[in-house]
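Student: I should like to examine this structure through questions and answers. May we begin once it is displayed?

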Amino acid sequence: MRFPLGPGDEGPVISEVQKRLGVFPSSGVFDDRLLARVRGWQLRAGEPVDGLIYQSTLEGLGVDPS
């Protein structure tokens, strides 16, 4: 998997991140709603706030990228 993941990316990992961050329905497509939720999570977690998903984001959310 390549990082970072961002708008337009799709797949089961995106769907799981959506579920963890309360984006429903979880379409599996990185959209503007997910971008906003990732930014909010990054702010609370003390991560750089850019809205993109990195390996550290997945680890922090407890999402297995495989």
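Tutor: The buried residues of α2 are Leu34, Leu35, Val38, Trp41 and Gln42. They cover an arc of only 125° around the axis, which puts them on the same side of α2. The arc is that of the directions from the helix axis to the C-beta atoms. Buried means under 20% relative accessible area, exposed over 50% and partly exposed in between, with a 1.4 Å probe and protein chains only. Helices (H or I, at least four residues) are DSSP runs numbered from the N terminus.

This is a predicted model, in which local features need pLDDT of at least 70, side-chain atom pairs count only at pLDDT 80 or more, and totals for chains, interfaces and linings use all residues. Residues are numbered from 1 along each chain as its sequence is written, and side-chain values use heavy atoms, with hydrogens and water left out.

Student: Which exposed residues does the face of α2 turned away from its buried side carry?

Tutor: An α-helix has 3.6 residues a turn, so residues three or four places apart point the same way. On α2, the buried side is covered by elements that include α1 and α3. The face turned away from that side carries the exposed residues Asp32, Leu43 and Arg44.

Student: What distance lies between the end C-alpha atoms of α2?

Tutor: The expected span of a helix is 1.5 Å times one less than its number of residues. For the 14 residues of α2 this gives 20 Å, and the computed separation agrees, because the end C-alpha atoms are apart by 20 Å.

Student: Is Gln18 buried or exposed?

Tutor: Gln18 lies in helix α1, residues 12-20. Contact means heavy atoms within 4.5 Å; leaving out residues up to four places away in sequence, Gln18 touches Val23, Ser26, Ser27, Gly28, Val29, Asp31 and Leu34. Its relative accessibility is 0%, so Gln18 counts as buried.

Student: Which helices do the buried residues of α1 pack against?

Tutor: The buried residues of α1 are Val13, Ile14, Ser15, Val17 and Gln18. They pack against α2 (32-45) and α3 (55-61).

Student: How far apart are the closest N and O atoms in the salt bridge of Arg2 with Asp9?

Tutor: A salt bridge is a side-chain nitrogen of Lys or Arg within 4 Å of a carboxyl oxygen of Asp or Glu, and the structure holds three. Arg2 is partly exposed, with a relative accessible area of 49%, whereas Asp9 counts as buried at 16%. Between Arg2 and Asp9, the closest N and O atoms are apart by 2.5 Å.

Student: Where do Arg20 and Glu16 lie?

Tutor: Their side chains meet in a salt bridge, at 2.9 Å from N to O. Arg20 is partly exposed at 42%, and Glu16 counts as partly exposed at 25%. Arg20 and Glu16 are four residues apart, about one turn, and both lie in helix α1.

Terms used
Helix = DSSP H or I, 4+ residues; strand = E, 2+ residues; numbered from the N terminus.
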